[in-house]
Amino acid sequence: MKYKRILLKLSGESLMGDQQYGIDNKQVLQYAQDIKSVREKGIEIAIVVGGGNIFRGLSAEKSGMDRAQADYMGMLATVINCMALQNALETVGVETRLQSAIKMEQVCEPYIRRRAMHHLEEGKIVIFGAGTGNPYFTTDTAASLRAIEIKADVVLKGTRVDGIYTADPEKDPTATRFDEISFQEVYDKGLNVMDMTAITLCQENNLPIIVFDMNKEGNFMKIASGEQIGTLVK
């Protein structure tokens, strides 16, 4: 396998499946099966999940809510998604640990870097909830930060599209996909890969990002095996 330790970033929207809102258990179970297959190959996996399927702080701010308050609400939404994913993983027989950047001991551990790395070394899948624990930072930034902290080899961003395009492929049929792109090109072209804080963290720490379609069964395994799937940012 190409990687020893992976940080998988899943958007909240990806958990919706074909629904308009909330969590599609069938979709989450498919993710769990794909993640289990990769884990069984001996790869250590950590996961960061977004919360946009339940609540998005930036959208709430536009409607008049205080941004910091809205972001904290968004962090709580991510924990709900993390619990759903944790349940799915344990349903298919994978041992997990859920750590939150905001203390809520009744449902998860507090985020402690050394403990997280110890869990990974023991073969458990670690799910990071509540973003970075700070307002004004996205879960993309949380994914980059946690990946660097736990010394992951790569950030895999699982989305509903099969890579990075010159424009939104769902809106522009003429959009073309990049197989590989540099961090500088992402800046120069203003591509919507991750927010710029997340991109900068990865660039400064030489951490590659791969954007791929997580909804296609088997794609996660292909990337873990070293196949060229999606778009590589390095």
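Tutor: Ground rules: residues are numbered from 1 along each chain as its sequence is written, and side-chain values use heavy atoms, with hydrogens and water left out. As the model is predicted, local features need pLDDT of at least 70 and side-chain atom pairs pLDDT 80 or more, while totals for chains, interfaces and linings use all residues.

Student: Why is H1 called oblique to H3?

Tutor: Helix H1 (residues 25-39) and helix H3 (residues 67-91) pack at about 55°, axes 8 Å apart. Angles under 35 degrees count as roughly parallel, over 145 as roughly antiparallel, 65 to 115 as roughly perpendicular, and the rest as oblique. So H1 is oblique to H3. H1 also passes H3 in a right-handed crossing.

Student: What makes the contact between H1 and H3?

Tutor: Contact means heavy atoms within 4.5 Å. H1 brings Val28, Leu29, Ala32 and Ile35, and H3 brings Ala84, Leu85, Ala88, Leu89 and Thr91. By class, the contact of H1 with H3 has 8 nonpolar, 1 polar and no charged residues. The nonpolar class is Ala, Val, Leu, Ile, Met, Phe, Trp, Tyr, Cys and Pro; Asp, Glu, Lys and Arg are charged, and the others, Gly among them, polar.

Student: How do you know whether the "binding site" residues Gly51, Asp71, Thr132, Gly133, Asn134, Pro135, Tyr136, Phe137, Thr138 and Thr139 cluster in space?

Tutor: That list is from an unreviewed UniProt entry. The residues are spread over 89 residues of sequence, yet the largest C-alpha distance is 14.5 Å, and they cluster in space. Among them, Gly51, Asp71, Asn134, Pro135, Phe137, Thr138 and Thr139 are in the lining of the largest pocket. Lining residues have an atom within 4 Å of a pocket point; a pocket is an open set of points on a 1 Å grid where a 1.4 Å probe fits, with protein on both sides within 12 Å along at least five of seven lines.

Student: What about the "binding site" annotation that includes Lys9 and Asp168?

Tutor: Those residues, from an unreviewed UniProt entry, are spread over 160 residues of sequence and also in space, up to 24.0 Å between C-alpha atoms. The lining of the largest pocket includes Lys9, Ser11, Gly12, Gly52, Arg56, Thr159, Tyr165 and Asp168. Glycine 12 sits in the loop between strand S1 (5-10) and H1.

Key. Axes fitted to C-alpha atoms, helices over the stretch in contact; angles between N-to-C directions. Helix = DSSP H or I, 4+ residues; strand = E, 2+ residues; numbered from the N terminus. Left-handed = near helix turned anticlockwise from the far one by under 90°. UniProt positions renumbered as here; feature names shortened; annotations may be inferred.
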